[in-house]
Amino acid sequence: MSDQSFETLAIHAGQEPDAATGAVVPPIHQVSTFKQDGVGGLRGGYEYSRSANPTRTALEENLAALEGGRRGLAFASGLAAEDCLLRTLLSPGDHVVIPNDAYGGTFRLFAKVVSRWGVEFSVADTSDAEAVRAAMTPKTKVVWVETPSNPLLGITDIALVAGIARAGGARLVVDNTFASPYLQQPLALGADVVVHSTTKYMGGHSDVVGGALITADEALGEELAYHQNAMGAVAGPFDAWLVMRGIKTLAVRMDRHGENAARIAAMLTDHPAVSHVLYPGLESHPGHEIAAKQMRGFGGMVSFRVAAGEEAAVAVCNRAKLFILGESLGGVESLIEHPGRMTHASAAGSPLEVPSDLVRLSVGIEAADDLIADLRQALG
């Protein structure tokens, strides 16, 4: 493990100046195949870009360094990373514990895809250690956690749940997308695998789709790399380069996201049109103390419930001007959405169904006063 600070690793890990030219930014190796030095003689270990590409290697080394892991792997999307992980860890007949609040695409993957090949899952409130323990069975191989969760901003005690999973013979997987490795490092708290949608805060500019897995165990990393190559949903070189570009400013962006989100959460708490604010930085949040213990800051995601109900919540989304109505999150620009009708529509009718009066904000790095003014006019 490096003794360098996060900010230094974000800029330098895996990104030495190019040996041939001295370029300080890693080149984009936009290539499918590589000349071999004789049959079986791979130059630098490269033969075909699905198996490995120098630009992707640079990103993967950077990801591992930032999460304090032994191996990082970059994928074409966050869901591609999740799919590879589940097909590596699970076999028909196995069981998974999933959270009662999670990204709709993750729930869809479990409910509509993974379950079709004989993997069972149970839903539990992962903020409640006893609920996790009760949901586990002798067949449980994975406990899946999002913290902060999407979109209700729930907080799970990673170290506590890691102990429960380990005692039951299961691995703990933590989706760290909302926090980013700058704010939280689950592997250091006992997690076995970290998942990211690098589309979000890691890329940070709404111009790339990608995913990542980082492992604490070298052997598991090798197994995942084998499946990554066999299944093929890898990050392309330009996408890998864009994520690396974003990571360089991750620390300073996350500081600003968090500062803006804290001010917005405070404003919403006092607004008469808002019935409830969900933000772990608020002392009233049930997970505030745990978040303060395991996170560097509270992040840039804020959700709130509109007192007048679903249609009023939709109207708030439609009236916003500076906050852009759109899915995704983690970019420099602020976004607003109605999860029940947008990102979490796939969870309708399930234990993961979200409140119909819920609005989710991805707070960007614009001037906080401008963002607050926009929300005030949208709330009416």
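**Strands and rings**

Modeller: Happy to! Strand β8 (residues 274-278) and β9 run antiparallel, joined by 4 bridges; strands here are DSSP E runs of at least two residues, helices are H or I runs of at least four, both numbered from the N terminus, and two strands pair if DSSP finds at least two bridges between them. This is a predicted model, where local features need pLDDT of at least 70, side-chain atom pairs count only at pLDDT 80 or more, and totals for chains, interfaces and linings use all residues. Residues are numbered from 1 along each chain as its sequence is written, and side-chain values use heavy atoms, with hydrogens and water left out.

Colleague: Which residue in β9 does Val274 stand opposite?

Modeller: Val306. β9 also pairs with strand β12 (residues 358-362), antiparallel over 5 bridges, and there Ser303 has Arg360 as its bridge partner.

Colleague: Is β9 mostly covered or open?

Modeller: Mostly covered: 5 of its 6 residues are buried (under 20% relative accessible area; exposed is over 50%, partly exposed in between, with a 1.4 Å probe and protein chains only).

Colleague: Switching to rings, how many aromatic pairs are there?

Modeller: The whole structure has 6, counting Phe, Tyr and Trp (six-membered) rings with centres within 6.5 Å; planes under 30 degrees apart are stacked, over 60 edge-to-face, the rest tilted. One of them is Phe34 with Tyr46, tilted at 5.6 Å and 35°.

Colleague: And why is Phe107 with Phe121 edge-to-face?

Modeller: Because their planes are at 90°, with centres 6.3 Å apart. Phe107 is buried at 8%, while Phe121 is partly exposed at 26%.
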